[in-house]
Amino acid sequence: MTDGGTARRSRITPEREAELYQAVLELLREVGYDALTMDAVAARTRSSKATLYRQWGGKAELVVKAMRCQKPGSIADIDTGSLRGDLHAIVAREDDYVMERNAALMRALAMAAHTNSELRQAFKELLVEPEMEELQRIIRRAVDRGEIRADNPALDYMIHMLVGAFATRSLIDDLPPTREFLASYIDAVVLPALGVPVH
């Protein structure tokens, strides 16, 4: 007996899946999460609604997987030999234009997740937890290299620091997050909190 997830996945090619995800993100930017419907996705992508539900189960999973798909690879693959280098490499993966568009999408999804438990669960399981796991691998390497003490209390707040800077830049400064802003934030806030000297 085959795994249901594998059977579901095999019906759509990776190219078609990427095309569908792109259309979902475009619709999300145009109408927001609440107004986005599977009917609209089906029409935009010339797909049947049945195919969309069979492949993704529902709107929440489809939207969050579309968000995850657009990310430029796993951050866990980044290994520059230093924590500062790794964090700066993470920030450098997207240009400022892409970062601004992604920040707007993340804000819209985070707002919708407050009132939609299905979206909140998908957001947490498919986007937040995998990213936290990947970041933990980078942190473990830094601890193993002796850059950070394993008992440093700031380690528990690292994801909050990074996401906070990304998410609140527009709220506080009325400006989008940029590579320059995030790199300087890493050097001024994150690394000192972790006891890592900035050269």
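Contact here means heavy atoms within 4.5 Å. The model is predicted, so local features need pLDDT of at least 70 and side-chain atom pairs count only at pLDDT 80 or more, while totals for chains, interfaces and linings use all residues. Residues are numbered from 1 along each chain as its sequence is written, and side-chain values use heavy atoms, with hydrogens and water left out.

Leaving aside residues up to four places away in sequence, Leu28 touches Tyr33, Leu36, Val63, Leu105 and Leu109. Leu28, Tyr33, Leu109 and Leu119 touch the most other members of the largest nonpolar core, which has 28 residues. Such a core is a set of buried Ala, Val, Leu, Ile, Met, Phe, Trp, Tyr and Cys residues joined through side-chain atoms within 4.5 Å; buried means under 20% relative accessible area (1.4 Å probe, protein chains only). Two or more residues each come from α2 (14–35), α3 (38–45), α4 (49–56), α5, α7 (96–115) and α8, helices being DSSP runs of H or I of at least four residues, numbered from the N terminus. The largest share, seven residues, is that of α2. Apart from this core lies another of 26 residues, including Ile90 and Leu155.

Eight of its 11 residues are buried, so α5 is largely enclosed by the rest of the structure. The buried residues are Lys59, Ala60, Leu62, Val63, Val64, Lys65, Ala66 and Met67.

Finally, Met132, Leu135 and Ile139 of α8 meet Met158, Ile159 and Leu162 of α9.

Technical notes
Buried < 20%, exposed > 50% of the residue type's maximum accessible area, 1.4 Å probe, protein only.
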